[in-house]
Amino acid sequence: MYEFSRGPLVWIAFIVFVGGTIYRVIRVYQDSKKERVVHPYMSLRHGIRSIAHWLIPFGARNMRMRPLFTILSFLFHLCLLLTPIFLLGHVMLFEQSWGVSWWTLPDSLANVMTIVVVLVVIVFGLRRIAHPVVRFVTRVSDWVLLVIVAGPFVTGLMAYYQFLDYRTVMIVHMWSGALWLMVIPFTRIVHMIFFPFTRAYMGSEFGHVRNARDW
Amino acid sequence: MKFKTTPESLVKDSGLDESIKKLTPERIAQVINRVLTRENSARLQVYLDTCVHCGLCAEACHTYVSRDKDPLFAPVSKVRQTLWEMVERKGNVDGEFLRNAARIAFTECGVCRRCSMYCPFGIDMAYLLLIVRRICSLLGVVPVYLQDTTNSHAVSSNQMWVQQDEWIDTLQWQEEEAQAELSSVRIPLEKEGADVMYSVIAPEPKILAQLLGNMAIIFKAAGEDWTMPATDGWDNSNMAMYSGDFEVMGRVERLHWETAARLKVKRIVMGECGHAFRGAVYDGPRWLSWQYPPIPMVHAIEYYYDLLSSGRIRIKQKYKEHVTIQDPCNTVRGRGLGDKLRYVVDALCEKFTDVNPKQEHNYCCAAGGGVINCGPPWKRSRMVSNRVKAEQLAKTGAEVVITPCHNCHSGIEDIIGFYNLGMHVKFINEIMVECMEKPEESQG
């Protein structure tokens, strides 16, 4: 089981993630050409301007209106993306398999970042219950996604602190990580892939066509 | 999904109540699926897949904020109660569902696009609610007053059933009125090759004719070479765009542009109206598969800015009363004219206090987007939906609200009355005519 998870499963996960991402982007590109309004109005400059405003903390009025949520949200997304890529344990696996390696995070910092992800997932969950609008629009799938996102980080922490049987925890960790990667293109986590496109389009409609700001 | 009984859900409107009785489940599903799959593709799919149900759009909406943050009125909630259900149930919804969807899409959202500026992904929720309106329109489920304006567009090519002889007669009457002020004023009809065709919305000849006379005086003072058509095509308004009848919308816009082409003018200058700008410059041409309008269209705000900044119009004495402004969504968020509007107001008025939030972030008037055209049955709901505007205006301490848009004008006037703000609303052109230097004095 461990060998399968360490080898073929990782391959499958990455192939599904990369293949799924390419498929979604190509499909959206093709479909968007059927629309009268997307391609004729796209502007690189205004697209990038809009993306920049929404990637820089407090770059948009809505972020300034809710500073705590903005900080939590940026921390969450940063830790969520950086920790798995720069974790020493992950880089070592790549080095063993392919002989490539890159800069890594100190383990203590990676540990804190993982805890941040888990804590913010809990805050997001509580917000889904406490905020009347968010509660009204929350579906079962939103809860499933939160669990899928938290999975690899919770099991990663369990492995780090050697909580329960290490080998079993590692297998669960690898499976949850694989699941996380594989669902990205096919669930609402696809916002990670679509963000630059939706933002660039809106930035172009506001900036290029209408001479206005969208942040 | 069960709908809560609210005062709004009890409002009677034969355009909704009677028309849903004629629908069959097959017809509903057929129309919904056609609109979802044949008329829309990438944007709809991406927006539905990308929305993470975070609720960050809520605070952007005047309806939500004004109704004590009732979750049913947040932008995402409006989409959830309408389009999400239609998509998930593959169009298998009943008449009661459609009635509620129509109420939400037509009377509780002004498609002002403020929420797109608060969504981290820039999801165009106004577009999503316009899809709902489109579906409702094809099924005939449209508030009866709004449908009447669309019918008028379809029959008479203008919004208010104005006949051609009434149109010409009104212009001649306004020409005489303006001559009392400035004896050499003309309203030149059908002048081929003029620099400017001036177009207005039908409520101007119908109920606010003095605005036409004012504009004739301004054109005279500025020495403009201008004309107006004597035929259909003079009306630049387009309620069909908001009722979801895009076929009529396209027809209205085509006629407007073809009239300008027939008169061989260099550009169209239009009166103080927001949605007309949107229809003529964006929604109309796009429906007709034109990337951009065939000749330039200049909104009144921009035209006044050019007149004042170039010195073609000089101000004799500034307007004395304390003023503030309403930023119309379709010219400020839709054209970036916020700075020019402030330049014009500063040039005309002695005391101007800006609103907060302002420019693109200003709150909607809750009247545009076809909402006020849904008529008297929905007026109370419209007033309750914009308490935040009343509070915002009251804080300025101004006596006059300048509203360079007909929908904003009527909407703000209603709000001032409903909330007893004791203010007045004015178009820029009324203040300009009062304050500017005129080339010769009247003989009378």
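Predicted model: local features only at pLDDT ≥ 70, side-chain atom pairs only at ≥ 80, totals over all residues.

Q: What does Asp245(B) touch, then?
A: Setting aside residues up to four places away in sequence, Asp245(B) touches Arg134(B), Ser137(B), Thr150(B) and Ala240(B).

Q: Let's switch to sheets. What is the strand order in the open sheet of 4 strands in chain B?
A: The order is β2-β1-β3-β4, with parallel pairing. At the edges stand β2 (226-227) and β4 (297-299) of chain B, each with a single partner strand, so one side of each has no neighbour in the sheet.

Q: Which helix packs on the sheet by touching β1, β2 and β3 of chain B?
A: Helix α11 (residues 210-222) of chain B does that, and its direction makes about 160 degrees with that of β1(B). Another helix of chain B, α14 (residues 275-287), lies across β3 and β4 and runs at about 165 degrees to β4(B).

Q: How many bridges link β1 and β2(B)?
A: There are 2 bridges between them, in the parallel sense. Val196(B) stands opposite Trp226(B) in β2(B).

Q: What about β5 of chain B, how many of its residues are buried?
A: In strand β5 (residues 319-325) of chain B, 5 of the 7 residues are buried, so the strand is largely enclosed by the rest of the structure. β5(B) pairs in the parallel sense with β6 (residues 349-352) of chain B over 3 bridges, and Tyr319(B) has Cys349(B) as its bridge partner in β6(B). With β7 (residues 400-402) of chain B, β5(B) also pairs in the parallel sense over 3 bridges; there, Ile325(B) is partnered by Ile402(B).

Q: Nice. At what angle do helices α17 and α21 of chain B cross?
A: Roughly 35 degrees, with the axes of α17 (residues 338-348) and α21 (residues 428-435) of chain B coming within 10 Å. The crossing is left-handed. Leu341(B), Val344(B) and Leu348(B) in α17(B) meet Ile428(B), Ile431(B), Met432(B) and Cys435(B) in α21(B).

Q: On to charges. How many salt bridges are there over all chains?
A: The count comes to 40. Among them, Glu35(A) forms one with Arg43(B), where the closest N and O atoms are 3.0 Å apart. That pair crosses between chains, from the loop between α2 (8-34) and α3 (44-55) of chain A to helix α3 (residues 42-50) of chain B.

Q: Are Glu35(A) and Arg43(B) buried or exposed?
A: Glu35(A) counts as buried at 10% relative accessibility, and Arg43(B) is buried with a relative accessible area of 13%.

Q: Which residue does Glu190(B) meet in a salt bridge?
A: Its partner is Arg262(B), at 2.7 Å from N to O. The two are 72 residues apart, so to speak distant parts of the chain: Glu190(B) is in the loop between α9 (164-181) and β1 of chain B, and Arg262(B) is in helix α13 of chain B.

Conventions
Residues numbered from 1 in each chain as written. Chains lettered and ligands numbered in written order. Heavy atoms only, no water. Contact = heavy atoms within 4.5 Å. Pairing = 2+ DSSP bridges. Axes fitted to C-alpha atoms, helices over the stretch in contact; angles between N-to-C directions. Left-handed = near helix turned anticlockwise from the far one by under 90°. Buried < 20%, exposed > 50% of the residue type's maximum accessible area, 1.4 Å probe, protein only. Salt bridge = Lys/Arg side-chain N within 4 Å of Asp/Glu carboxyl O.
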